[in-house]
Amino acid sequence: METLHLELPSLQDDTLSPQTLLHGVVSSGNLEVLVEPGPDAARCVFEVQTAAHGFSEVWQAVLCDFASRHPVGGLTFSIHDAGATPAVVSLRLDQAYQSLRTS
Amino acid sequence: MNAPQPHRVWNQEAQRRQARLQRSVPFAHGKEVAPADMVSLLEALLEPGDRVCLEGNNQKQADFLSESLAACSPQRVHDLHLVQSVLALPSHMELFEKGIARRLDFSFAGPQAHRLARLVQSHSIEIGAIHTYLELFGRYFIDLTPQVCLIAAQAADAEGNLYLGSNTEDTPVIVEATAFKSGIVIAQVNERVDRLPRVDIPAGWVDFFVVAPTSNHIEPLFTRDPRHITEIQVLMAMMAIKGIYAEYGVERLNHGIGFDTAAIELLLPTYGASLGLKGKVARHWALNPHPTLIPAIEAGFVERVHSFGSEVGMEAYVAARPDVFFTGADGSLRSNRAFCQTAGLYACDMFIGSTLQMDLAGNSSTATLGRITGFGGAPNMGSDARGRRHASPAWLKAGRERSGGGTQVRGQKLVVQTVETWHEPHHPTFVERLDAWQLMEDMGMALPPIMIYGDDVSHVVTEEGIANLLLCRSPEEREQAIRGVAGYTPVGRARDRTLVENLRDRGVIRRPEDMGIDVRDATRDLLAARSIKDLVRASGGLYQPPKQFRNW
């Protein structure tokens, strides 16, 4: 297990509901995302526990794109990746974001 | 004009055949050979250097005859030249290890890929060439005609007529080439019966048959358990259906055998139906009876299927759907690899399948280091047939896109590669250089083993979107179109973002949102069956999965 901590600048969207939200299930061999209110409205915090070693560069690219694609400032995303590929990571994050917008 | 040469003998092959049959007499009762006499018969009949086709398909195997040949004395039987489509059995490789066979022309060696590579590196085998199925079948009639063929059938009658059962596969083409060029045809059968359900090979073409001690081995290669289909594969299937099937109106097609295309099969009756595509796409198929096709057949999407071979467990279902499948008067499936490959090449408007690696020109390969897997039929399915002349809307539209508005003299087959950008962490699908090049160097091959040539590929589907290569106007555009759907692989991250956005504006690259697809909808709930048990249920209990797939 490797742990990554990233804080990335991102716009804030006041309309997003900041309640705790869980997306995905680790036991299904899939990725799990937990979204909570974060400490800084201008930044998005990512806590990643990853099963894949030496993959932090790809993780950073995935998360940077996500933080610039959506206004997720003021949120913390805790991620357990269960060995997921970047495709699954991106899909889960997008699904989590879409759910935040509509919940 | 030269006068005919008076001493020239014009039937030497027939004389040689008679001599072989004479030597075989002590080991046969008429055409029937006892299992215990098969090794002696082969030793008596074969000559060093003979070209032998030992029927190995990708499913049905003449396993008893293969073991018998491997048990022959290498002093008596040696230096054979094997010409067969698939090397699947350990006994196939033993022939080379023992020196019984020396040279090989083949198509596919999936299960023996490692052992074959080792034999090549130790110079224990000479490989003539690695072919596609149709290519090898073609050479059976030109320069690789077997002198002896060892085939597998379901049943024989007393005269030696053969019934092939559901798995016809390569048998007709092998027997045709051998029997009509003075060769010897030897069949192993599972049973001898008084009356065959139908005659697939007439007794006049068969020299010997043996009732094998155990039934010939058949591998369930085309069964994909829907439990393992991921949401990413569902997303890609949605894009393929909406962005390609619907867009081009693809009515006639062939699918690969992976989970990516199984997902499409299971989405047709749900997502496809919701787009109003029933009766408009995916009506006529060149495909084995995939269990994952059952829901689309039951929903009336699939109207007709011609098959290369069969699939274990699908016999009763196929027999109950004769309007869909090709069946004999006895009700059972009639498959035929040579004809179905021809259908896939010339009568289909689309091939869609997956691959392990793709380079920046769109060349793709399933070759990995230390393994010689070969090609099978994918290159025939996954290529634009330059000899095609009949038009269809899908073929014309693809041709228009490729010609870029210039004078159009031909259409274009849709050759679609559907791949996730990573197989698993550390294994990107998109690479700068295919492993195939290294394999070529290691194995001393003339060319890298490329499965689908890049210039035949029309579309690449990944979880990031669809790249339409028909619309690319230069190698540079093509490269950026591929990088633009290559996700977070090193190849994808090295994209020129401006050029990629430009390609997106032109519709060369399309993201899910450009096609009106919401990624949140990509869930397994869209699958018409989510387990093997669901497939059994969808078939009304007719599908009988082999026990390794029964997980309830």
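Begin by selecting the two domains of chain B, where 29 residues of domain 1 of chain B are in contact with 29 residues of domain 2 of chain B, a contact being a pair of residues whose C-beta atoms, placed from the backbone, lie within 7 Å. This is a predicted model, in which local features need pLDDT of at least 70 and side-chain atom pairs count only at pLDDT 80 or more, while totals for chains, interfaces and linings use all residues. Residues are numbered from 1 along each chain as its sequence is written, and chains are lettered from A and ligands numbered from 1 in the order in which they are written.

Stay on the domain 1 side that touches domain 2 of chain B and select β4 (101-108), α5 (113-121), α6 (133-140) and α7 (171-179) of chain B, each of which supplies at least two residues of that side; helices (H or I, at least four residues) and strands (E, at least two) are DSSP runs, numbered from the N terminus. With five residues, α5(B) gives the most to this side of domain 1.

For the domains themselves, select 22-211 as domain 1 and 226-535 as domain 2 of chain B, bounds that come from an automatic or database domain assignment. Their centres, taken over C-alpha atoms, are separated by 33 Å.

Next, turn to Ala240(B), which, not counting residues up to four places away in sequence, touches Tyr245(B), Ile264(B), Ile352(B), Val416(B), Thr418(B) and Val461(B).
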